[in-house]
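Here's a quick tour of a protein model, written for someone who likes cut-offs spelled out. Have the structure open while you read.

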Amino acid sequence: MRTPLLLAAALLAGCPTEPAVSEPEPPTPGDWLDPVEVLDDWDGPQFSELMDLEVDGELLAFCTAVQGLQLYDISDPADLEFLAAAEFSDGSSAYPRCQHLSFDGQRRIVVTNRGDSIQRDSFLAVLDASTPDAPVELSSMEVDWSPEGSTIVGETLFVSGHDAGLVVLDIAADGSLSETTRVPLENAWQVRVQDDWAYVANGNAGLAVVDVTNPPAASAVALLDLPGPAKDLEVDGDRLYVALGAAGIATVDISDPAAPVLLDTDDTPGSALGVALGDALYVADWNELRVFDVTNRDDPRLVAKEPLPLETESGSRTLGIAAAGDVLFSGNWTEMVSYRYFADRTAPDITVEPIFAQLPEAVAGSTSSSVITITNEGSEPLVFTGLDVRDDKLEWDGPVRDDVLAPGASVNAVLRYHAENAASFLGEVVIETDDPDQPQIVVTAEANSGGITVGSEFPGATWVDWQGDTVSFSEHAGEVVLLSYFATF
Amino acid sequence: MEILFQERREQGFHVIGVNTRSFNESAFTLERFLDQTQVTFDVVWDEGTIGWFGWPPAIAPFPRQAVVGRDGRIVYMASEHDAGAVEAAIDAALAE
């Protein structure tokens, strides 16, 4: 669909009125400061896959897939100082790993690990990090269930255990753990406790509220359906924010904990897997971080986004985020990064989808096209400062230099490929704007790559399913089939 | 996806979840995952035939999804999970 009207409206919204006789002055690109700035990245040993992070005062801890728990001094968040990496007596010594962690406020850390392909054993371990450059394991306990996120309140440990529900344990003075009760739940991913209530992100079953006035007698008192799988959550007084995967984030009123009310949902482009509260609500959204102003407690407002470093072909997924005031910490496969959020800064913020345009097959002499959507998610007008189509077989029908996109506005560009032959084609369009953190975005267009693409016949396949049976694509001839490639993480 | 599947299976819709063995996932992990998610559609191993590496490079970032129409032709392909776009593509294909 062509959208010249939308672009015209966006241009009007962003341009001052000029006398009809004179040439309009080109807009002046803003000299904006980035609302979210990178402060520092890790200076410690190489790791792979950053999982969960937590902050306790000047100490930051995070779990990794194969290098155990890593501890950093964050007293100067612009100069992160590596302190130690801790391993665990349970699990694999070749691939020390944890997935989630929580602090008890007394410099004890509980880490959890659910079994997976690299490291099969599920366990809980308690570490003493009072000497943070030499953490000591106090206890470790293998379990036959699947522990995920946890929260410590005094001597009580609450662990979300997927289909084992909310598992409540005592932490003894020596750090040893003993289970006291379980509250049955469908698929508990994360738990946060406030006053006498535990709030559980319960996967597709939404939010569960558990009365923990007397932890050994804990019982679920409310369940709230949510429009996506609840994976993580944070509590802030009478409000609760839930990460809902592809559905974004939910805001829930818990002024009556026994009767939670869904107030608002904000979709995000990625998969929201982690939330953290500081001066704002920070969201780990797969390839980027998103910052929401929650001054209006009924309606979080997107105020900034920050791309994560994209250093691998597989993208830059982030699973965890932690915050302290205006400083936030996140990371991806191999990076841990500290950022500062500047609430007083306004700026334009460009989003381009898709960055990789897969054009339909084109035979010699024909044209194939794809729609690219450009959105200004920032708070100031976005000024295009350059548009470079780097191949004469490509045509760009969209915003060009000196065009302006108003805050909140979107425009569709049409990218056309005029094929001279049926050979595979790869070309680029470079979009330049006054966005302070992404001044240049490269859109890659691909056609006739020889692989399978939109419009081509699916070549068919036979697979073995997880129970060992054969599944053939041809069994579903005449049906509409969704093929979804996934991994369990 | 489970909800998508349940709501549309009567109309001739099927889902094949392809687990990417290239990321070194084991049967143990997959079984645990399926226990947790309780999906009822087909879940298979990607053994590299039409798998991970058979897709064109522009679709490289993970995850990737494709919708195949009743005539066997691909009508939708994406490198990111976009629930709205996938659902729209499926419904358009079912309506044809």
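Predicted model: local features only at pLDDT ≥ 70, side-chain atom pairs only at ≥ 80, totals over all residues.

β14(A) and β15(A) pair in the antiparallel sense, with 5 bridges between them; two strands count as paired if DSSP finds at least two bridges between them. Strands here are DSSP E runs of at least two residues, helices are H or I runs of at least four, and both are numbered from the N terminus.

Residues are numbered from 1 along each chain as its sequence is written, chains are lettered from A and ligands numbered from 1 in the order in which they are written, and side-chain values use heavy atoms, with hydrogens and water left out.

Back to β15(A), which also pairs with β16(A) (residues 207-211), again in the antiparallel sense and over 5 bridges. Here Tyr199(A) has Val209(A) as its bridge partner in β16(A). The hairpin of β15(A) and β16(A) has 5 residues between the strands, and Gly203(A) in the turn shows a positive phi of about 55°. How much of β15(A) is buried? In this strand (residues 197-201), 4 of the 5 residues are buried, where buried means under 20% relative accessible area, exposed over 50% and partly exposed in between (1.4 Å probe, protein chains only).

On to the charged side chains. A salt bridge here is a side-chain nitrogen of Lys or Arg within 4 Å of a carboxyl oxygen of Asp or Glu, and the count over all chains comes to 26. Three of them are listed below.

| Salt bridge | N to O distance |
|---|---|
| Arg192(A) and Glu234(A) | 3.6 Å |
| Asp238(A) and Arg297(A) | 2.8 Å |
| Glu395(A) and Arg416(A) | 3.1 Å |

Take the salt bridge of Arg192(A) and Glu234(A). Arg192(A) sits in β14(A) (residues 190-194) and Glu234(A) in β18(A) (residues 232-236), so this pair ties together parts that are 42 residues apart in sequence. Both Arg192(A) and Glu234(A) are buried.

Next comes the salt bridge of Asp238(A) and Arg297(A). This pair links distant parts of the chain, 59 residues apart: Asp238(A) is in the loop between β18 and β19 of chain A, Arg297(A) in the loop between β24 and β25. Asp238(A) is partly exposed at 31% relative accessibility, and Arg297(A) is partly exposed at 28%. Both also belong to a network of salt bridges that includes Asp236(A), Arg239(A), Asp253(A) and Asp298(A).

Then there's the salt bridge of Glu395(A) and Arg416(A). Glu395(A) lies in β33(A) (residues 394-397) and Arg416(A) in β35(A) (residues 410-418), so the pair ties together parts 21 residues apart in sequence. Glu395(A) is partly exposed at 31% relative accessible area, whereas Arg416(A) is buried at 17%.

Finally, chain B. Its secondary structure comes to 3 helices and 4 strands, running α-β-α-β-β-β-α from the N terminus on. Of its 96 residues, 56% count as buried.
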